[in-house]
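Here is a brisk report on a single protein chain.

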Amino acid sequence: MTMKETIPSSQQDTVYMAEAIQLAWQGLYTTEPNPRVGCVLVKDGKIVGRGWHQKAGEGHAEVNAIRDAGDLAKGATAYVSLEPCSHFGKTGPCANALITAGVTRVVAAMKDPNPEVSGSGFELLHKAGIQVESGLLEAQAKALNIGFIKRMTQNRPFVRIKMATSVDGRTAMASGESQWITGPHARADVQRLRARSSAVISGIETVLHDNAALTVRANELGLDNADEVAQRQPLRVILDSDARIPADARLFTQTGPVLLVVSAKASVSDTLVRLSNVSIFRLPAESKRSVDCVLVELSRLGCNEVLVEAGAGVAGSFIQQNCWDELVVYMAPKLMGSAARPLANLPLTQMSEVKDLALKDMRIIGDDLRITYHPADTI
């Protein structure tokens with residue numbers, strides 16, 4: 001039997017759902033690979049319990065809200081930013097927890113895109129006699145989990161490309177020198193982009209030239225819980241088709257896993273293979289869309305959001321192969337000259353080939369300007 005969900009519309013429902021979504025945002029940096037979820041329990045017009053999913057492997061939002069409410073959960077309405085799960089993972093089904101707690105109504109912002117759940121959590125609640133409604137503030141709830149949704153529905157992570165540029169569109173001097181184009185506030189903002197990402201992707205040229213660690217640095221995050229956030233380091237993915245990376249590269253000495261992406265025939269040194277924090281992914285020999293192959297693998301590994309921090313060549317590859325969802329440009333009040341390197345290598349020769357962008361957001365970060373774009377054809 002297919003259950004018909006109704007969308008609640010009262011002002012109070014909207015207020016409580018908004019709070020559940022705000023709670024969910026507190027898990028921005030810590031829930032990977034799980035979705036960010038918040039829950040509010042309301043009884044007799046008062047909030048009696050609050051919870052959010054804080055870390056993968058620990059209690060989900062509904063369980064934490066029930067624990068917060070105690071006996072007051074019985075007879076309450078649960079406002080949750082995502083359909084309660086119905087399957088056993090590292091924790092038990094949240095739908096069952098709500099049933100056991102005795103809630104009488106569940107309002108969800110959206111259906112879970114996970115095929116293992118999608119609709120079945122609602123069905124469990126419905127069969128238990130609980131009133132179920134969904135769709136309230138759905139757009140805001142989707143914004144919470146853009147990467148999780150894309151991974152579940154398209155088998156790809158959400159791809160965010162970060163670029164730092166001068167006003168004249170240059171990212172490095174002709175020699176490759178680029179530290180620092182932007183100021184400390186913009187660099188801290190980039191650290192927060194890294195922290196929310198499952199993986200950071202860069203190219204071998206960037207590693208060879210800058211010897212970058214590509215880690216999240218607690219002292220630059222500007223967050224109250226910076227030390228906790230920095231404990232979960234993103235997977236660092238290096239596109240290195242010929243396996244040229246030296247075994248003493250700085251990124252190997254830093255905490256956190258590394259994935260080297262090499263060609264099918266690349267000769268990888270025994271020293272690299274023996275490094276405990278390094279995995280090797282070989283591209284299929286016949287592949288003409290290497291970037292897409294990498295994204296499929298990252299999806300398989302549970303990556304929801306990935307951040308591309310690379311030079312013009314790698315950035316251009318992602319754009320040319322239409323493998324990006326968001327472009328974040330930090331523009332510094334500098335002029336670097338016509339000999340300096342461009343934002344992306346794009347071999348475009350006619351106006352008909354131009355890539356149109358849709359502006360999503362623009363704001364001042366310190367002395368720099370942060371401009372966020374989406375592909376125009378996705379808006």
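Among contacts in the protein between residues at least 6 apart in sequence, 70% join residues at least 24 apart. Contact here means heavy atoms within 4.5 Å.

This is a predicted model, where local features need pLDDT of at least 70, side-chain atom pairs count only at pLDDT 80 or more, and totals for chains, interfaces and linings use all residues. Residues are numbered from 1 along each chain as its sequence is written, and side-chain values use heavy atoms, with hydrogens and water left out.

**Overall build**

The protein has 14 helices and 16 strands. These are DSSP runs numbered from the N terminus: helices are H or I with at least four residues, strands are E with at least two. The radius of gyration is 23 Å, close to the 21 Å that the globule rule gives for 379 residues, so the protein is as compact as a globular protein of that length. That radius is taken over C-alpha atoms, and the rule is 2.2 Å times the number of residues to the power 0.38. The C-alpha trace spans about 70 × 45 × 45 Å along its principal axes.

Buried residues make up 51% of the 379 residues. Buried means under 20% relative accessible area, exposed over 50%, and partly exposed in between (1.4 Å probe, protein chains only). The protein exposes about 17,800 Å², and carbon and sulfur atoms supply 51% of that area. Accessible areas come from the Shrake-Rupley method with a 1.4 Å probe; for residues, only the protein chains shown count as cover.

An open sheet of nine strands runs in the order 11-10-9-8-12-6-13-16-15, with mixed pairing. Its edge strands are strand 11 (278-282) and strand 15 (357-365), each of which pairs on one side only. Neighbouring strands are turned by 20 degrees against each other on average, direction ignored. Two strands pair if DSSP finds at least two bridges between them. Strands of a sheet pair through backbone hydrogen bonds, either parallel or antiparallel.

Strand 9 is mostly covered, with four of its five residues buried. Strand 8 pairs with strand 9 in the parallel sense over five bridges. There, Ala-199 stands opposite Leu-235 of strand 9. Strand 9 also pairs with strand 10 in the parallel sense, over four bridges. Ile-238 stands opposite Leu-260 of strand 10. Strand 10 (residues 258-262) is in turn joined to strand 11 by five bridges, again parallel. Val-262 has Arg-282 of strand 11 as its bridge partner.

Helix 13 (residues 290-300) packs on this sheet, touching strand 6 (158-166), strand 8 (199-203), strand 9 (235-239), strand 10, strand 11 and strand 12 (305-308). The direction of helix 13 makes about 160 degrees with that of strand 9. Helix 14 (residues 312-320) lies across strand 6, strand 8, strand 9 and strand 12, at about 135 degrees to strand 6. Axes are lines fitted to C-alpha atoms, for helices over the stretch in contact, and angles run from 0 to 180 degrees between N-to-C directions.

**Helix 2**

Helix 2 (residues 61-69) has these buried residues: Ala-61, Glu-62, Asn-64, Ala-65, Ile-66 and Ala-69. They pack against strand 1 (38-43), strand 2 (46-52), strand 3 (77-80) and helix 3 (94-101). Just after helix 2, Gly-70 takes a positive phi of about 65 degrees.

**Salt bridges**

A salt bridge is a side-chain nitrogen of Lys or Arg within 4 Å of a carboxyl oxygen of Asp or Glu. The count by this rule is 21.

| Pair | Closest N to O |
|---|---|
| Asp-292 and Arg-156 | 2.8 Å |
| Lys-162 and Glu-309 | 3.7 Å |

Asp-292 lies in helix 13 and Arg-156 in the loop between helix 6 (146-154) and strand 6, so the pair ties together parts that are 136 residues apart in sequence. Asp-292 is buried, with a relative accessible area of 18%.

Lys-162 sits in strand 6 and Glu-309 in the loop between strand 12 and helix 14, 147 residues apart. Both Lys-162 and Glu-309 are buried.

Arg-244 lies in the loop between strand 9 and helix 11 (250-253), and Glu-205 in helix 8 (residues 204-210), so this pair ties together parts 39 residues apart in sequence. Arg-244 is partly exposed, at a relative accessible area of 40%.

A network of salt bridges links Glu-32, Arg-36, Arg-160, Arg-196, Glu-305, Glu-326 and Lys-360.
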